[in-house]
Amino acid sequence: MSSHVDTVVIGGGLLGCATAWMLAQEGGSILLAERDQINQHASGQNAGSLHFQLEYRMMEHGVEAAKKAAEAMPLHLEAAELWQGIADASGEEIEVTQTGGLMLAESAKQARILERKVAIEQGWGLDVRMLDQREVQSVAPYLTENIVAAAFCPVEGKADTRTAGPALARAAIREGASVETRTEVVNIRRDGRRWRLTLRTDAGERDVFSDAVVIAAGVWTTEIGKLIGVDLPTIAVALQMTVSLKVPKFIDHLVQHAGERLSLKQSLDGNVLIGGGWPAKLPHTAGGAPDFSKKPKLLQSSLAGNARVASRVVPQVAEIPMLRSWSGVTTVTPDQLPLVGPVPNAPGVFVATGGSAFTLGPSFARVLTELVAGKTPTTDLSSFDPMRYGKGDV
């Protein structure tokens, strides 16, 4: 038994759900296929930071590396705008707060790094400025007095990772999209002018014909590319996060650090979320490939290191009981830039992944929607072109 749709979206994380919603608004038949459950993986397991400044990992290898990472800044700027209006546009109660973000410096050396970073970002049009020690204490009195400077970006903030993806899935369904969970794409091949996708469910396998295919599969991006016969190189990274018990509100910003792995913020409910790129142990198969069927293991060294930095920067954190820690897996590319655009040698197939995929999810989705519609994207994608890794043949 087979059927036909205009577009198949592979992946039911925030990006896939946002893309299905935007595509459905444009009309046509849309099928979102998720191998597990909506929001089960990276989109529902990260800490929900909306960080439009360059992250610590983008600066630790020097100014030239930071300048290269900043080529994604147009996507950051668009994402900042889209997040602001996503609740109203989708008709869903998505918790998004953009009350500003601080990237901290505890030394003169770190302050100089921030100054160079801010100059790069301002050159791309990001609203960000340097604060001196007095200004930092005035804006964020909960921080240690050892902070000598900070970069402040007023559009940064956080979103509720538990509800954002499912809310956009509901919005997509209201617009006419079909959303199927426990539906794995096991084969993709060209059949005339269309793509023939074999979907596996508990009820068996069936084929779906589609004019366009969107790969929004996160850590499974490389695997899906192999089904088409193209190389979409990604690197799986296991990270861990911690959340505290609810306490009265005292942190107003997204807090990051110029010289340490740290992201820290407080939810509307009062929980303090602590993360920032501390590694977990990624399971592997007997053949050495990442095993995404198993949860990454928490590392005591990462838990201790993350807690140490958080409590040093925000002393009150040391007095708050922690509720739980968890791990998740995200995807980066070999050059740290997003992978966004048409898939080489596969007409009608498009991909988006890598970088800060939760933060950039709405802007990725906007670009994918434009590509599927045959429009020239409003964002220059040349730096993110999958072709940069070669012709794409496996």
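Me: Is F250 buried or exposed?
Reply: F250 is buried, at a relative accessible area of 13%. Buried means under 20% relative accessible area, exposed means over 50%, and partly exposed is in between (1.4 Å probe, protein chains only). This is a predicted model: local features need pLDDT of at least 70, side-chain atom pairs count only at pLDDT 80 or more, and totals for chains, interfaces and linings use all residues. Residues are numbered from 1 along each chain as its sequence is written, and side-chain values use heavy atoms, with hydrogens and water left out.

Me: How many aromatic pairs does the structure hold?
Reply: There are three aromatic pairs. Rings of Phe, Tyr and Trp (its six-membered ring) pair if their centres lie within 6.5 Å; planes under 30 degrees apart are stacked, over 60 edge-to-face, and the rest tilted. In one of them, Y142 and F250 sit edge-to-face, 6.4 Å centre to centre with 90 degrees between the planes.

Me: Where do Y142 and F250 lie in the chain?
Reply: Y142 is in the loop between α7 (133-139) and β7 (149-153), and F250 is in the loop between β13 (235-244) and β14 (254-257). They are 108 residues apart, so the pair links distant parts of the chain. Helices (H or I, at least four residues) and strands (E, at least two) are DSSP runs, numbered from the N terminus.

Me: And Y142, buried or exposed?
Reply: Y142 is buried too, with a relative accessible area of 10%.

Me: What kind of aromatic pair do W220 and F292 form?
Reply: W220 and F292 form an edge-to-face pair, at 5.5 Å centre to centre and 70 degrees between the planes. W220 counts as buried at 11% relative accessibility, while F292 counts as partly exposed at 21%.

Me: New topic. What sits over the ring of W326?
Reply: The charged end of R324, 4.5 Å from the ring centre. A charge sits over a ring if NZ of Lys or CZ of Arg is within 6 Å of the ring centre and within 35 degrees of the ring normal. R261 lies over the face of W278, at 5.9 Å from the ring centre.

Me: Now helices. Why is α11 largely enclosed?
Reply: Because 10 of its 12 residues are buried. Among them are F364, V367 and L368.

Me: What do the buried residues of α11 pack against?
Reply: They pack against α1 (14-25), α5 (73-90), β12, β18 (339-342) and β19 (349-353). Contact means heavy atoms within 4.5 Å.

Me: What comes just after α11?
Reply: G374, with a positive phi of about 80 degrees.
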